[in-house]
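This report describes the aromatic side chains of one protein model.

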Amino acid sequence: MGPGFLEHPLVWAFSIFLAGVWLSRLLAAALHMHKIAEITDPEYEVSPASASGRARRVSIIVPARNEAEHIEAGLLSLLELEYPDYEVIAVDDRSDDATGAILDRLETEWRKTGESSPHLLKVLHVTELPMGWLGKTHAMWQAGKQATGDWLLFTDADVVFRSDALRRAIVYAEGERADHLVLFPTIVMKSVGERMMQAFFQSQFVFAHRPWKVADPKSRDAIGVGAFNLIRRGVYERLGTYQRLRMAVLDDMKLGEVVKKEGYRQRIVFGKDLLRLRWVVGTRGMVHNLTKNFFAILHYSTSFAALAVLGILLVNLGPFLGLIFASGWSYAGYVLALLALALIYVGMSWHSDISPAYVLLHPIGAILFTYAIVRSVVLTLARGGVVWRGTWYSLADLRKFSSEEPRWNWL
């Protein structure tokens, strides 16, 4: 690559493009992210009460398949919540490990020790998966039919709740008259690889989403998070329950999209350490998780996947390559782009246990991220479907379901 190419107008134009893209994302986040409430603030340290003067009943739904390693810690944290009226419904979804036995033991122990408590623990066992359903969505649908709460909280088996998490969330949701509330979890990371991949993932979230626009009824921005999707029971039923999302691989995001599309009030909040989640174990764990999800994010379109890979590499590697190889005035554009990216990492460090220095590993994260996309596409096409937690789901069925629902673009 000679000096003549590096002085080409396209190199200069690309530097301006990258600077504009990253600076715009930085400014948007700097100007608007403060609009998202932090519910650990003192103003949410109050007792929940509805207009009737009592706290509304909450049904907490926990689907679990082969979660023997995590399910006990998660359930015990739920049973110790500081909230006056709730029930926990745990679903053993065809597990072939000790999950079912652990749930049965916890249910028996709770009946003995929690007789004076208004908090109930119900355990359901699913032994067969009907055609046309994903295991997780079917488990949540079954639990929803058993629920008695005014609110339904869908969470994951590996999430550990702080005792005041539900109380603070309900106080905020009732005060905002929200129909759907998402609480971002605190991700537990124990290795450099986990922090690197999580940092890159968060940077792409900032790049592609506008979470501060979720509350705007005129915008299409919508979010759902599997760790904490709180929805009013009446809204859930009017949306068609999880039966409407029966083949949604990204059921959490899809629920958020449907809530927003149908015109209901959606809110998202931060809550440092209210929820703790070890999302992945190691770099391989992140790649493995993204392998299941990414082709679904891209609506099972190979052309869209190719564009995504190209775009991610250009936008995320461009500032670093320009810093090394560019010359003349174009160098300034690449420096500005990289500075904006570094400041985004600084902002992310305020809400996570990730040092801004991880921006230096951003190029490695970009390469591994795009590898996960390619792997997701190749494996899904080769298998003719998706394998998740031991169950195979046909690509034809997944594509058919994806085409039934209008594509909801929140970018």
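Does Phe369 count as buried or exposed? The model is predicted, and in it Phe369 has 4% relative accessibility, so Phe369 counts as buried. The cut-off for buried is under 20% relative accessible area.

**Aromatic pairs**

The structure holds 16 aromatic pairs. In one of them, the planes of Phe184 and Phe270 stand at 35°, so this pair is tilted. Phe184 belongs to the loop between strand E6 (180-183) and strand E7 (186-187), and Phe270 to the loop between strand E9 (266-269) and strand E10 (275-277). The two residues are 86 residues apart, and their pair links distant parts of the chain. Both Phe184 and Phe270 are buried.

Another pair, edge-to-face, is formed by Phe294 and Phe369. Phe294 is in helix H10 (residues 282-297) and Phe369 is in helix H13 (residues 362-383), so the pair ties together parts 75 residues apart in sequence. Phe294 has 8% relative accessibility and therefore counts as buried.

The geometry of these two pairs is set out below.

| Pair | Distance between centres | Angle between planes |
|---|---|---|
| Phe184 and Phe270 | 5.5 Å | 35° |
| Phe294 and Phe369 | 5.0 Å | 85° |

Phe294 and Phe369 also belong to one aromatic cluster, together with Phe200, Phe201 and Trp279.

**Charges over rings**

Two further aromatic residues are Phe207 and Trp141. Arg25 lies over the face of Phe207, 4.5 Å from the ring centre. Over the ring of Trp141 sits the charged end of Lys145, at 4.0 Å from the centre of that ring.

Notes:
Residues are numbered from 1 along each chain as its sequence is written. This is a predicted model: local features need pLDDT of at least 70, side-chain atom pairs count only at pLDDT 80 or more; totals for chains, interfaces and linings use all residues. Side-chain values use heavy atoms; hydrogens and water are left out. Rings of Phe, Tyr and Trp (its six-membered ring) pair if their centres lie within 6.5 Å; planes under 30 degrees apart count as stacked, over 60 as edge-to-face and the rest as tilted. Helices (H or I, at least four residues) and strands (E, at least two) are DSSP runs, numbered from the N terminus. Buried means under 20% relative accessible area, exposed over 50%, partly exposed in between (1.4 Å probe, protein chains only). A charge sits over a ring if NZ of Lys or CZ of Arg is within 6 Å of the ring centre and within 35 degrees of the ring normal.
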